[in-house]
Amino acid sequence: ALLYKPIDRVTRSTLVLHDLLKHTPADHPDYPLLQDALRISQNFLSSINEDIDPRRTAVTTPKGETRQLVKDGFLVELSEGSRKLRHVFLFTDVLLCAKLKKTAVGKHQQYDCKWYVPLADLVFPSPEESEHCPQVHVIPDHELEDMKMKISAIKSEVQKEKANKGQSRAIERLKKKMFENEFWLLLNSPAIPFRIHNRNGKSYLFLLSSDYERSEWREAIQRLQKKDLQAFVLSSVELQVLTGSCFKLRTVHNIPVTSNKDDDESPGLYGFLHVIVHSAKGFKQSANLYCTLEVDSFGYFVSKAKTRVFRDTTEPQWNEVREGASLQKSMSCALHHLQIRGFGGHQVGMTAGLAWGCVPTEITDHLSPQLDPQAVQTKNWHMDVIEMNGIKVEFSMKFTSRDMSLKRTPSKKQTGVFGVKISVVTKRERSKVPYIVRQCIEEVEKRGIEEVGIYRISGVATDIQALKAVFDANNKDILVMLSDMDINAIAGTLKLYFRELPEPLLTDRLYPAFMEGIALSDPAAKENCMMHLLRSLPDPNLITFLFLLEHLKR
């Protein structure tokens, strides 16, 4: 990574020079100087590309043929009912699945081949077959979130120890614990099936973190299969030579966990990133197009939001706001890039990713422009257009810091329900629980209980604002509108209602006491304290809180 940094700097400078030239008039005195600088940079990059010897990524078979490494990476394989981390190598004519052997300290590390499939014998199942994986045990979201919180807490402890110049043994112990937790997360988070068949009968199943990663592997294999490939069986000597070359040829050296990263990484941004996806232009054929927003903070992407599908078009006009793709406090929460890509990807570090895909399988190339943290942190919307392979995507973004997002501003109006005290609303409605809470919960329980990511995946902001306006106006069409609305928008409206209350449901007055109560270590004392505090809440707050708890429990 360090050796590559100077090259990366020249690459970025070349892009900057290219943009500068584009915006500099031809009669400007700097124009010829910029042309010279761009030519020198491009020549330098070209010479590096020419100097890279393809033999460094190839192995010669005992028969004298050259077998090139095309792609490699760590994937989770479901083998005999349990998840195993494998290093998968895609060569020009074979896919090889290996694991790193445990070796004594100081001894040369080697791979152990678990299986291989010649590409001529490799087939993909139909979409229905590949999605149907009844044997996959999916870890509940709350367990994964708990683990992320544990990792964050350990990270904070490591930073504290370093700041206090703590013992290196204590720091190493914390780092080891952090690695174990991250490794558990790496094994148990992926849930997207990627199945491959060998024509001779055997089937293999990987679990991946994002659609983009799956399509990337599939497309790389399919590109190679277009060549005239022959089926073969490797002899034990050939397999030994091929497996032995993997250690030398591999391009991915470390397991994608953040504890493998440098300690001096930037502190990152904590808060909410709001994104508007305006439009995309340049598709040559009509397709059903949509865009997804994915956030990566633990070495893989998690889908946060998805636009509507624009059907049979080459110029989708989404203009959708995605509210609060939360940048969670975690190991490497720095917002370094905005990735516009076909579904997201596999990177260590915190990136927000926009992706577009055609339904059901066509994916475009991904885009990786540099993101300026200063531009993101402005209070205003920052608009940008990025382009690759003739496709332009227009989007805007705005970052709200965590501190700002927690501030509550009471509404000046006494009509409506948003921003109005809960006691005022319940008194006006002559009810114990606000109508908006009852209706949203009823709708979520009717058709959102089985929805993956309910209350986590954002709804479309325009839909949420439309529902907010209808509830504020007490419009008679509320029920019809709710039944037609996307369920994530309804969940988002309920969250927005609680977020816009002039004070939290547990009240400003009692909040510090609740925090002290939850921190008590004695279970009996904790229960007594919490029950006493709950009984101290005003009736509308208490009854609404219990109503919400029952719903979340269901």
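User: Is K446 buried or exposed?

Analyst: Please note that this is a predicted model. A residue is called exposed when its relative accessible area is over 50%. K446 has a relative accessible area of 58% and is therefore exposed.

User: With which residue does the side chain of K446 meet in a salt bridge?

Analyst: A salt bridge requires a side-chain nitrogen of Lys or Arg within 4 Å of a carboxyl oxygen of Asp or Glu. The partner of K446 is E443, at 3.8 Å from N to O. The two residues lie three apart in helix α11 (residues 435-447), so about one helical turn separates them. E443 counts as buried because its relative accessibility is 7%.

User: Which distant parts of the chain does the pair of E445 and R554 link?

Analyst: E445 and R554 form a salt bridge whose closest N and O atoms are 2.8 Å apart. This pair joins helix α11, which holds E445, to the segment after α17 (539-553), which holds R554; the residues are 109 apart. E445 is partly exposed at 26%, whereas R554 counts as exposed at 53%. Salt bridges with shared partners also join E443, K446 and R447 into one network.

User: How many salt bridges does the structure hold?

Analyst: The structure holds 10 salt bridges. Among them is the pair of E77 and R86, with the closest N and O atoms 2.9 Å apart; both E77 and R86 are buried.

Technical notes: Residues are numbered from 1 along each chain as its sequence is written. This is a predicted model: local features need pLDDT of at least 70, side-chain atom pairs count only at pLDDT 80 or more; totals for chains, interfaces and linings use all residues. Side-chain values use heavy atoms; hydrogens and water are left out. Buried means under 20% relative accessible area, exposed over 50%, partly exposed in between (1.4 Å probe, protein chains only). Helices (H or I, at least four residues) and strands (E, at least two) are DSSP runs, numbered from the N terminus.
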